[in-house]
Amino acid sequence: MMTNALPSCLFVAIGSLPDALQKHMQRVRIEAQKLALSHGLEESRVDFAAATHDICRSMKPEDLLLEARYRGLKINRIEEQNPILLHGPVGAARLRDEFGISDLDIIEAVHWHTTAAPDLPPLGKAVFLADKLDPLKEGRYPFLEEVRGIAQESLDQGVVAFLQRDIQRLLRLGHAPHPTAMATLNGLLR
């Protein structure tokens with residue numbers, strides 16, 4: 001993997017995260033590299049986004065809400081009720097504002113890695129899918145092998161396959177899907 005591509009300040013920040021989270025991020029980097037190779041994406045940029053996607057995942061929910069408000073991020077009702085969904089947007093803002101990352105595709109990938117987004121560039125779709133394809137998430141998402149196969153062929157169809165199945169899972173559990181995930185699915189199905 002391309003750890004040396006990370007600025008030292010980011011390398012230190014990632015190294016201070018909980019061990020289980022760092023291991024998840026490593027697994028996501030592996031999945032992201034597979035997708036980058038399959039789809040001709042620039043591996044170093046995909047790796048950078050995957051390596052930093054959960055930079056704010058270990059923040060407390062109340063701190064995520066405070067930081068999102070401080071940074072002027074839009075917070076919807078679902079995020080208000082489940083602030084962990086803000087770790088991507090807050091992480092993207094920190095990468096841009098505190099670490100000086102200016103690559104908009106990387107910023108978008110980190111921002112939307114939890115829900116995806118309409119018009120997300122291929123790099124962002126690869127990171128979204130890689131995050132979901134972490135093999136340790138198979139208990140939550142029993143459909144991962146099917147999605148993995150679809151994603152190797154098409155990022156768009158991989159996102160559609162994941163979102164369709166996950167939205168059905170959420171509805172069965174009595175949870176409202178994130179509105180951006182719904183918009184992404186609808187946009188890709190058009």
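**A buried aspartate and a helix pair**

The side chain of Asp 131 makes a polar contact with the side chain of His 24, at 2.9 Å; a polar contact is a pair of N or O atoms within 3.5 Å, where within protein one must be able to donate a hydrogen and the other to accept it, and residues adjacent in sequence count only if both atoms are side-chain atoms. This is a predicted model, in which local features need pLDDT of at least 70 and side-chain atom pairs count only at pLDDT 80 or more, while totals for chains, interfaces and linings use all residues. Residues are numbered from 1 along each chain as its sequence is written, and side-chain values use heavy atoms, with hydrogens and water left out.

Asp 131 sits in helix α8, residues 122-132 (helices are DSSP runs of H or I, at least four residues, numbered from the N terminus). A second polar contact, 3.0 Å, links the side chains of Asp 131 and Lys 132. Is Asp 131 buried or exposed? Asp 131 is buried, because its relative accessible area is 3%, and buried means under 20% with a 1.4 Å probe, protein chains only. Leaving aside neighbours within four places in sequence, Asp 131 is in contact (heavy atoms within 4.5 Å) with His 24, Val 28, His 53, Asp 54, His 113 and Lys 137.

Now the helix pair. The axes of α10 (residues 155-172) and α11 (residues 179-189) come within 10 Å and cross at roughly 130°; axes are lines fitted to C-alpha atoms over the stretch in contact, and angles run from 0 to 180 degrees between N-to-C directions. That makes α10 oblique to α11, oblique being what remains after under 35 degrees (roughly parallel), over 145 (roughly antiparallel) and 65 to 115 (roughly perpendicular).

Conventions: Helices (H or I, at least four residues) and strands (E, at least two) are DSSP runs, numbered from the N terminus. Buried means under 20% relative accessible area, exposed over 50%, partly exposed in between (1.4 Å probe, protein chains only).
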